[in-house]
Amino acid sequence: MPDFSVLIEWENVLQSSDDRAARMLRELGQQIGASLRTFEVLVLFNPEQIDPTMVASAVRDHFAPGAHLDNATVRVVSVPGLHYYDLRNRGAEMAAGRAIVCLDSDVIPEPGWLAAITEPLLENPDINVLGGETHLDHEGSFIRKAFALGWTFPPRTDDDTLRADARQFWANNVAFRRSFFLANPYPTGGDSAECRTACYKLRRDLVRRGEPIYHAGRARVSHPAPDGAGKVVLHALIEGRDNGLLFEQRGYGRVRRSLRAIDFAFGRVRRTWRQALRHRRGVGVAAWQVPGVVAVMGAYYGVGMLGTWSQAWLPRRAWEKWRF
């Protein structure tokens with residue numbers, strides 16, 4: 001029995017460059033090769049979305065190319081009809097490791113990530129959920145810098161602390177004791193139009209029940225920002241649509257959902273101001289550029305507000321098929 005099963009969804013790669021997936025595989029292979037633990041790697045994909053030969057060739061060419069890792073096995077698994085969170089749930093059912101590590105196909109681990117996200121689970125039997133730190137790759141454009149300061153993931157920090165009082169984790173960089181995850185899978189049985197709410201729901205339920213969520217600051221991965229105007233708009237609309245579905249599940253009517261969308265957007269703009277002023281140097285933003293950062297993210301959250309309003313007031317067929 002391997003110590004860990006690393007579950008990699010091969011869906012987000014459709015939204016990023018192939019180079020990121022290749023870099024992820026190479027970095028993962030190097031870190032596994034340097035580890036004293038044993039691993040299995042499950043690469044899960046939906047053949048209705050991706051050509052199986054492309055997945056197999058990517059793994060063959062980039063995961064420890066030309067080397068045999070004595071402490072790791074790799075399986076490329078075709079799972080028809082399933083998407084992001086369901087791929088995770090199915091992968092956990094198939095996994096043989098005592099613990100599972102969830103890694104996305106478009107994130108790139110930093111050196112030391114694997115040890116930081118795995119060793120605490122072996123050293124402390126009280127840890128069932130261990131999230132890493134995900135930050136946006138801000139190199140290359142001002143838009144990426146703006147998203148690094150104002151989007152979902154907080155800006156990168158140098159805090160390596162392992163702490164037990166976290167209230168969130170990200171599905172792209174988290175480890176679970178396998179028995180715990182099988183008893184608490186991602187809740188995907190709700191509205192089929194939802195795209196990225198299952199992680200939020202699982203976090204919320206664990207916090208309500210008082211389950212400790214640990215955070216490993218040293219387990220860092222970089223995530224790409226939405227690339228291109230079309231993808232930025234789609235991301236914003238989906239985020240807003242998913243927020244509307246969450247508000248509806250809480251019992252909010254159409255008017256209340258619409259007003260809540262305004263409050264959410266302005267709250268995120270205020271957060272962008274705070275984070276831009278505090279972390280701008282870390283992403284190479286000058287003080288005079290901070291208003292530009294806020295303008296970019298204000299436009300993004302404004303489109304997200306339209307996504308929520310669409311969910312509240314337009315026919316379902318207008319928004320139910322929005323997907324990354």
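1. In which helix is the place of Arg-144? Arg-144 sits in helix α5, which covers residues 142-150, in what should be read throughout as a predicted model. The residue is partly exposed, with a relative accessible area of 31%. Setting aside neighbours within four places in sequence, Arg-144 is in contact with Asp-137, His-138 and Glu-139, and also with Ala-225 and Asp-227. Val-255, which is 111 residues away from Arg-144 in sequence, is 34 Å away in space when the two C-alpha atoms are compared.

2. Turning to the chain as a whole, it contains ten helices and nine strands. Its radius of gyration is 20 Å, close to the 20 Å that the globule rule gives for 324 residues, so the chain is as compact as a globular protein of that length. The C-alpha trace spans about 55 × 45 × 40 Å along its principal axes. Among contacts between residues at least 6 apart in sequence, 82% join residues at least 24 apart.

3. On burial and surface, 54% of the 324 residues count as buried. The accessible surface of the chain comes to about 14,400 Å², and 53% of that surface belongs to carbon and sulfur atoms. As for charge, the chain carries 42 positive and 36 negative side chains, with the centres of the two sets lying 7 Å apart.

4. The interior deserves a point of its own. In soluble globular proteins, nonpolar side chains tend to be buried together. Here the largest nonpolar core has 38 residues, and those with the most contacts inside it are Ile-8, Trp-10, Leu-28, Ile-32, Phe-63, Leu-103 and Trp-113. Two or more residues are given to this core by each of the strands β1 (4-9), β2 (39-45), β4 (99-104) and β9 (213-223), and likewise by each of the helices α1 (18-33), α2 (52-62) and α4 (113-123). A second, separate core of 27 residues includes Leu-7, Val-77, Phe-169 and Ala-171.

5. What surrounds Trp-10, once its neighbours within four places in sequence are left aside? Its contacts include Ala-21, Met-24 and Leu-25, together with Val-43, Leu-44 and Phe-45. Trp-10 is also in contact with Ile-50, Val-55, Ala-58 and Ser-105.

6. Leaving aside neighbours within four places in sequence, Pro-120 is in contact with Ala-115, Ile-127, Leu-130 and Leu-162. Ala-175 is 55 residues from Pro-120 along the chain, and their C-alpha atoms are separated by 10.0 Å.

7. Beyond its neighbours within four places in sequence, Thr-272 is in contact with Leu-149 and Gly-150, and with Val-293, Val-294, Met-297 and Tyr-301.

8. Although Gly-298 and Gly-150 are 148 residues apart in sequence, their C-alpha atoms are 9.2 Å apart in space.

9. Finally, Asp-165 lies in strand β7, which covers residues 162-166. Asp-165 and Val-296 are 131 residues apart in sequence, and their C-alpha atoms are 32 Å apart in space.

Definitions and conventions: Residues numbered from 1 in each chain as written. Predicted model: local features only at pLDDT ≥ 70, side-chain atom pairs only at ≥ 80, totals over all residues. Heavy atoms only, no water. Helix = DSSP H or I, 4+ residues; strand = E, 2+ residues; numbered from the N terminus. Rg over C-alpha atoms; globule rule 2.2 N^0.38 Å. Buried < 20%, exposed > 50% of the residue type's maximum accessible area, 1.4 Å probe, protein only. Contact = heavy atoms within 4.5 Å. Areas by Shrake-Rupley, 256 points an atom, 1.4 Å probe, with all protein chains shown as cover. Lys, Arg positive; Asp, Glu negative; His and termini not counted. Charge placed at Lys NZ, Arg CZ, Asp CG, Glu CD. Core = buried A, V, L, I, M, F, W, Y, C linked by side-chain atoms within 4.5 Å.
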